[in-house]
Amino acid sequence: MNTLPWLNPARAEALQQQLRERILIIDGAMGTMIQRHQLEEGDYRGERFAEGYDRLWSPTSGHAHGEGCGCGHDQRGNNDLLSLTRPDIITGIHRQYLDAGADLIETNTFNSTTISLADYGLQHLARELNVEGARLARAACDEAEIHDPSHPRFVIGVLGPTSRTASLSPDVNRPGFRAISFDELRVAYREAADGLIDGGADILMVETVFDTLNAKAALFAIEEAFEARDARLPVMISGTITDASGRTLSGQTAEAFWYSLRHAQPLAIGLNCALGAKDLRVHVDVLAQVADAYVSCHPNAGLPNAFGGYDETPEDMAAVLRSFAEAGLLNLVGGCCGTTPEHIAAIAEAVANAPPRVRPDLENAA
């Protein structure tokens, strides 16, 4: 049972009040919008990382950066780094989603853990990127609320799945091997969670969960962060069904996923990514029946095409998600890969008059 008080009681109560009244809108894809800018390597590096490493940091106290020192890495594709090198782009994307009608803005921190940042040689930036990612989203939401005080906006601090899995071996010839341990994940997630909280997040979301053990490590770390502050934030969990089998990568159905994580008492449980809305319908339906938390869904804009793009139009996607809302399945809805402010605006309009799903009282159900 969660006994810690809210870190920000007014914000937490405002969020819960909104959830009782209507279906809330989550923003869309960050990566899709960044791709529109056609950034080059120099855009990612900026001045501080011009040589492919961080000029302000050395791996050891006696190390001197220089040609051939081995610290340089290509940074193109390191979207989270743009919170430091091109904050104007990230802020602009947040503003576009807010203008489209989003109630909740996700931080640009999907890969901001030491585990994922190690691919770019920048694992030391984990906390800084989470703080800055949350700060940029917080500023954009605050700005939107100043223009319309009647419409509260909330920052979702995103904790991505990392590039490792604790339940499965990456080597088919060594089924007992694991590339990461629970404790290594816990430590990485704790640093990220602390940064998101310090940066001003209203909610923490463990997102795109393909391995439930990874999610458990993240939730354990989040609880540690809350206990250190003697206060908590609302928590959301969003898994991903990886293919037509209807299971996560670690083998769980949507129902099993919920029961494995119910102990964390999340504000919301949901599904995102991997599939388009049409293919997610049956799995969201299951969650809506078994979960006594709010239910969220932010799917891709259909399945990827031969070029890795997404073809589902805002109108088509909105029509499918409207049917979710009309069936009483949704409390929060938005978009993942391939979605744009145009998709979010269409979805917001489509569900505007639909009542939110009513959480079942499972404890007292006969």
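The following conversation works through a predicted model of one chain, asking how each description is reached.

User: What makes the overall dimensions of the chain agree with those of a compact globule?

Analyst: With 366 residues, a compact globule would have a radius of gyration near 21 Å, and the chain has 20 Å, so the value agrees with that expectation. Along its principal axes the C-alpha trace spans about 65 × 50 × 50 Å, and the secondary structure comes to 13 helices and eight strands.

User: How much of the chain counts as buried, and what does its exposed area consist of?

Analyst: Of the 366 residues, 52% count as buried, the cut-off being under 20% relative accessible area. The chain exposes about 15500 Å², and carbon and sulfur atoms supply 50% of that area. Among the contacts with a separation of 6 or more, 78% are accounted for by residues 24 or more positions apart.

User: Why is Ala 188 called buried?

Analyst: Ala 188 has 4% relative accessibility, and buried means under 20%, so Ala 188 counts as buried. This residue has its place in helix H8, residues 182-199. Leaving aside neighbours within four places in sequence, Ala 188 is in contact with Thr 113, Thr 114 and Ile 115. The C-alpha atoms of Ala 188 and Val 206, which are 18 residues apart along the chain, are separated by 13 Å.

User: Why can the buried residues of H12 be said to line one face of the helix?

Analyst: The buried residues of H12 are Pro 314, Met 317, Ala 318, Val 320, Leu 321, Phe 324 and Ala 325. Seen down the axis of H12, these buried residues fall within an arc of 165 degrees, and therefore they line one face. On the other side of H12, Glu 315 and Glu 326 are exposed. The cover over the buried residues includes helix H11 (277-290), strand S7 (294-300), strand S8 (332-333) and helix H13 (341-351).

User: What is the expected reach of helix H5, and what covers its buried residues?

Analyst: Helix H5, residues 87-99, has 13 residues and reaches 18 Å from its first C-alpha to its last, which is close to the 18 Å expected at 1.5 Å a residue. Its buried residues are Ile 89, Ile 90, Thr 91, Ile 93, His 94, Tyr 97 and Leu 98, and what covers them includes helices H2, H4, H7 and H13 together with strand S2. H5 is followed by Gly 101, whose phi is positive, near 115 degrees.

User: Which residues of the largest nonpolar core touch the most other members?

Analyst: In this core of 86 residues, Leu 204, Ile 222, Ile 269 and Val 284 touch the most other members. The largest share, eight residues, comes from helix H9, residues 212-229. A second, separate core of 15 residues includes Phe 154, Ile 203, Met 205 and Ala 268. In soluble globular proteins, nonpolar side chains tend to be buried together.

User: Which residues does Ile 269 touch?

Analyst: Not counting residues up to four places away in sequence, Ile 269 touches Ile 237, Phe 257, Trp 258, Leu 287, Ala 291, Ala 293, Tyr 294, Val 295 and Ser 296.

Technical notes: Residues are numbered from 1 along each chain as its sequence is written. This is a predicted model: local features need pLDDT of at least 70, side-chain atom pairs count only at pLDDT 80 or more; totals for chains, interfaces and linings use all residues. Side-chain values use heavy atoms; hydrogens and water are left out. Buried means under 20% relative accessible area, exposed over 50%, partly exposed in between (1.4 Å probe, protein chains only). Helices (H or I, at least four residues) and strands (E, at least two) are DSSP runs, numbered from the N terminus. The arc is that of the directions from the helix axis to the C-beta atoms. Contact means heavy atoms within 4.5 Å. A nonpolar core is a set of buried Ala, Val, Leu, Ile, Met, Phe, Trp, Tyr and Cys residues joined through side-chain atoms within 4.5 Å. The radius of gyration is taken over C-alpha atoms; the globule rule is 2.2 Å times the number of residues to the power 0.38. Accessible areas come from the Shrake-Rupley method with a 1.4 Å probe; for residues, only the protein chains shown count as cover. The expected span of a helix is 1.5 Å times one less than its number of residues.
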